[in-house]
Amino acid sequence: IVITNITDILTVPRAKGTDGRIDGRKSHGLSFCLDGQVTYFHNGQAFVSEPGYAVYLPKSAYYTSCTDRSGHFPLINFQSAQPLSDTIVVIPLQNQEKYIAQFESMRHTALLPHSKLKLMEQEIPLRIAWTLLANML
């Protein structure tokens, strides 16, 4: 997996009952769940984001979502040199705290001058990508 660009690193707060619709996602996404629960609907299937799981959101995908429980969802949006899965994938996490710590390190780096270059120089995006995404391919 070759990550060519990290486009966003943010935590998305969502309130219970909030619905969402994505028409042609602009980048790949890797979402975590600190608390709460969101259900994504894609290609006639439901995918649940809750603590202890990451969710891969495919580039160019069309999907809807519903927030079942209010919460906070750290999200990394990125571009890749090659296509990845064309469907949403729920990935179990062995140690969520480790991934959240890596996410926070990336988020902190993104605030620095020349952050895009600094982010791509870090091992953290590669560790997250290899550990999580490689298992789904």
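Biologist: Where is Ser27 found?

Modeller: In the loop between strand S2 (19-23) and S3. Bear in mind that this is a predicted model.

Biologist: Is Ser27 buried or exposed?

Modeller: Buried. Its relative accessibility is 7%, and the cut-off for buried is under 20%.

Biologist: What does Ser27 touch, not counting residues up to four places away in sequence?

Modeller: Thr7, Leu57, Pro58, Lys59, Asn77, Phe78 and Gln79.

Biologist: Zoom out. How many helices and strands does the chain have?

Modeller: Three helices and eight strands. The pattern along the sequence is β-β-β-β-β-β-β-β-α-α-α.

Biologist: And what share of the residues count as buried?

Modeller: 46% of the 137 residues. The chain exposes about 7,100 Å², and carbon and sulfur atoms supply 55% of that.

Biologist: What about contacts with a separation of 6 or more: what part comes from residues 24 or more positions apart?

Modeller: Such pairs account for 81% of them.

Biologist: Now strand S4. How many of its residues are buried?

Modeller: Six of eight. S4 covers residues 35-42 and is mostly covered.

Biologist: Which way do S4 and S7 run, parallel or antiparallel?

Modeller: Antiparallel. Six bridges join S4 to S7, which spans residues 62-80. In that pairing, Gln37 stands opposite Arg69.

Biologist: How many bridges does S4 make with S5?

Modeller: Five, also in the antiparallel sense. S5 is residues 45-49. His42 has Gln45 as its bridge partner there.

Biologist: And the hairpin of S4 and S5, how many residues sit between the strands?

Modeller: Two. Asn43 takes a positive phi near 50° in that hairpin.

Biologist: Stay on S4 a moment. Is Gly36 buried or exposed?

Modeller: Gly36, which is found in S4, is buried at 9% relative accessible area.

Biologist: What does Gly36 touch, leaving out residues up to four places away in sequence?

Modeller: Ser49, Glu50, Pro51, Arg69, Ser70, Gly71 and Phe73.

Biologist: How far apart are Gly36 and Pro13 in space?

Modeller: 9.6 Å, C-alpha to C-alpha. In sequence they are 23 residues apart.

Biologist: Over to rings. How many aromatic pairs does the structure hold?

Modeller: Two. In one of them, the rings of Phe32 and Tyr99 have centres 6.4 Å apart and planes at 20°, so the pair is stacked. Stacked needs planes under 30 degrees apart.

Biologist: Which parts does the pair of Phe32 and Tyr99 tie together?

Modeller: Strand S3 (residues 28-32) holds Phe32, and helix H1 (residues 96-110) holds Tyr99, so the pair ties together parts that are 67 residues apart in sequence. Phe32 is buried at 0% relative accessibility. Tyr99 is buried too, with a relative accessible area of 6%.

Biologist: And Tyr40 with Tyr63, why edge-to-face?

Modeller: Because their planes are at 75°, and edge-to-face means over 60. The ring centres are 5.7 Å apart.

Biologist: Where do Tyr40 and Tyr63 lie?

Modeller: Tyr40 lies in S4 and Tyr63 in S7, so this pair ties together parts that are 23 residues apart in sequence. Tyr40 is buried, with 6% relative accessible area. Tyr63 counts as buried at 6% as well.

Biologist: What about Ser65: which strand is it in?

Modeller: S7. Ser65 is buried, with a relative accessible area of 7%.

Biologist: Which side chain does the Ser65 side chain join in a polar contact?

Modeller: That of Arg14, at 3.0 Å.

Biologist: And what is Ser65 in contact with, leaving aside its neighbours within four places in sequence?

Modeller: Arg14 again, then Thr18, Asp19, Gly20, Val38, Thr39, Tyr40 and Phe41.

Note on methods. Residues are numbered from 1 along each chain as its sequence is written. This is a predicted model: local features need pLDDT of at least 70, side-chain atom pairs count only at pLDDT 80 or more; totals for chains, interfaces and linings use all residues. Side-chain values use heavy atoms; hydrogens and water are left out. Buried means under 20% relative accessible area, exposed over 50%, partly exposed in between (1.4 Å probe, protein chains only). Helices (H or I, at least four residues) and strands (E, at least two) are DSSP runs, numbered from the N terminus. Two strands pair if DSSP finds at least two bridges between them. Contact means heavy atoms within 4.5 Å. Accessible areas come from the Shrake-Rupley method with a 1.4 Å probe; for residues, only the protein chains shown count as cover. A polar contact is a pair of N or O atoms within 3.5 Å; within protein, one must be able to donate a hydrogen and the other to accept it, and residues adjacent in sequence count only if both atoms are side-chain atoms. Rings of Phe, Tyr and Trp (its six-membered ring) pair if their centres lie within 6.5 Å; planes under 30 degrees apart count as stacked, over 60 as edge-to-face and the rest as tilted.
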